[in-house]
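Visitor: I would like to learn how to read a structure like this one, feature by feature. Could we begin with pairs of charged side chains and then move on to the rest?

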Amino acid sequence: MSYETPEFHPAFEEYCEAIYELSEEDVEIIQARVAERLDVSRPAVSEMIRKMEREGFVSSAAGVISLTSAGTELATRVVRRHRLAERFLTDVLDLSWSQAHQEAGRWEHVISPDVEAALVRILEDPTTCPHGNPIPGSGYKEPIQSTSLSHIKAGGSFRVERIPEELEYRDGMLEFLESSAIVPGNQGTVTSRSPDGTTTVEIDGSHVGVGEFASDRILVTTA
């Protein structure tokens, strides 16, 4: 049986989604971080946060932004549909990570409940997006004792678990990681650590240097 859900201004959805994703990264959510994530000016963020406070989607105290229950509900819905769309676009349509991320950013605003249910059925109820990030409402369980790639010592083995959203917004990062086989489920070995923070890994038969920014954020488990 089909049903309707309320429609919200896409900007409200984008902001709630960004705040939700930043909260996943366990950082203090301030306007500067939201501006950086959405690639907009700080005055624009300030104005939008005021509007969203009036509408009851966010609260702001001492410069720290948080989602209200209404904002969390909206963000959860958008993030769920984005990550389901990414999974469909990569698994079924065979798009690259980068293409899927861009397309899912459009799809997340227009997917109906019926289409969402169909995606879940076709994809056999996945728990993560292609990058390993949890799909809200899927019953996802966090891997035990996951750590960042940068914490694995030379000679240590690992299994890639998750590419956080923060890396998805870095120019060229998704293309680099996918082409280097640094994808969830793949196993590798750290071969060396450089003074500049670069972690060199052997994965899928190739040696790849991963910069400090990425290696500090890629989540792995020891293999």
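Predicted model: local features only at pLDDT ≥ 70, side-chain atom pairs only at ≥ 80, totals over all residues.

Visitor: Which pair links distant parts of the chain?

Guide: The side chains of Arg-37 and Glu-21 meet in a salt bridge, at 3.4 Å from N to O. This pair links distant parts of the chain, for Arg-37 belongs to helix H2 (residues 31-38) and Glu-21 to helix H1 (residues 10-24), 16 residues apart.

Visitor: Are these two residues, Arg-37 and Glu-21, buried or exposed?

Guide: To be called buried, a residue must have under 20% relative accessible area. Arg-37 is therefore buried, with 11%, and Glu-21 is buried as well, with a relative accessible area of 1%.

Visitor: How many salt bridges does the structure hold, and which residues are linked in a network of them?

Guide: The structure holds 14 salt bridges. A network of salt bridges links Glu-24, Arg-83, Glu-142, Arg-162 and Glu-165.

Visitor: Now for the nonpolar side chains: what is the general idea, and which residues have the most contacts inside the largest nonpolar core?

Guide: In soluble globular proteins, nonpolar side chains tend to be buried together. Here the largest nonpolar core has 22 residues, and those with the most contacts inside it are Ile-19, Val-34, Met-52 and Val-58. At least two residues of this core come from each of H1, H2, H3, strand E2 (64-67) and H4, while H1 gives the most to this core, with 7 residues. If residues up to four places away in sequence are not counted, Met-52 touches Phe-12, Tyr-15, Cys-16, Phe-57 and Val-58. A second, separate core has 20 residues, including Val-160, Leu-167, Val-183 and Ile-218.

Visitor: Which residues does Leu-219 touch, leaving out those up to four places away in sequence?

Guide: Leu-219, which lies in strand E8 (residues 219-222), touches Thr-147, Ser-148, Arg-159, Val-160, Glu-161 and Arg-162 when those sequence neighbours are left out. Leu-219 is partly exposed, with a relative accessible area of 21%.

Visitor: How might I read a helix that has a buried side, and which residues of helix H6 are buried?

Guide: One way is to list the buried residues and then look for what they pack against. In helix H6 (residues 113-122), the buried residues are Pro-113, Glu-116, Ala-118, Leu-119 and Val-120, and the buried residues of H6 pack against H4. After H6 comes Glu-124, whose phi is positive, near 60 degrees.

Visitor: Which residues make a nonpolar surface patch?

Guide: Val-92, Leu-93 and Ile-122 make a nonpolar surface patch of about 260 Å². Leu-93 lies in the loop between helix H4 (69-91) and helix H5 (97-107), and with 42% relative accessibility Leu-93 counts as partly exposed.

Visitor: Finally, how should I read the chain as a whole, and how many helices and strands are in it?

Guide: The chain contains 9 helices and 8 strands. A compact globule of 223 residues would have a radius of gyration near 17 Å, and the chain, with 18 Å, agrees with that. The C-alpha trace spans about 55 × 45 × 30 Å along its principal axes. Buried residues make up 45% of the 223 residues, and the chain exposes about 11500 Å², of which carbon and sulfur atoms supply 48%. Among contacts between residues at least 6 apart in sequence, 65% join residues at least 24 apart.

Conventions:
Residues numbered from 1 in each chain as written. Heavy atoms only, no water. Patch = residues over 30% accessible without salt bridge, like charges linked within 9 Å, V, L, I, M, F, W, Y side chains within 5 Å. Areas by Shrake-Rupley, 256 points an atom, 1.4 Å probe, with all protein chains shown as cover. Salt bridge = Lys/Arg side-chain N within 4 Å of Asp/Glu carboxyl O. Helix = DSSP H or I, 4+ residues; strand = E, 2+ residues; numbered from the N terminus. Buried < 20%, exposed > 50% of the residue type's maximum accessible area, 1.4 Å probe, protein only. Rg over C-alpha atoms; globule rule 2.2 N^0.38 Å. Contact = heavy atoms within 4.5 Å. Core = buried A, V, L, I, M, F, W, Y, C linked by side-chain atoms within 4.5 Å.
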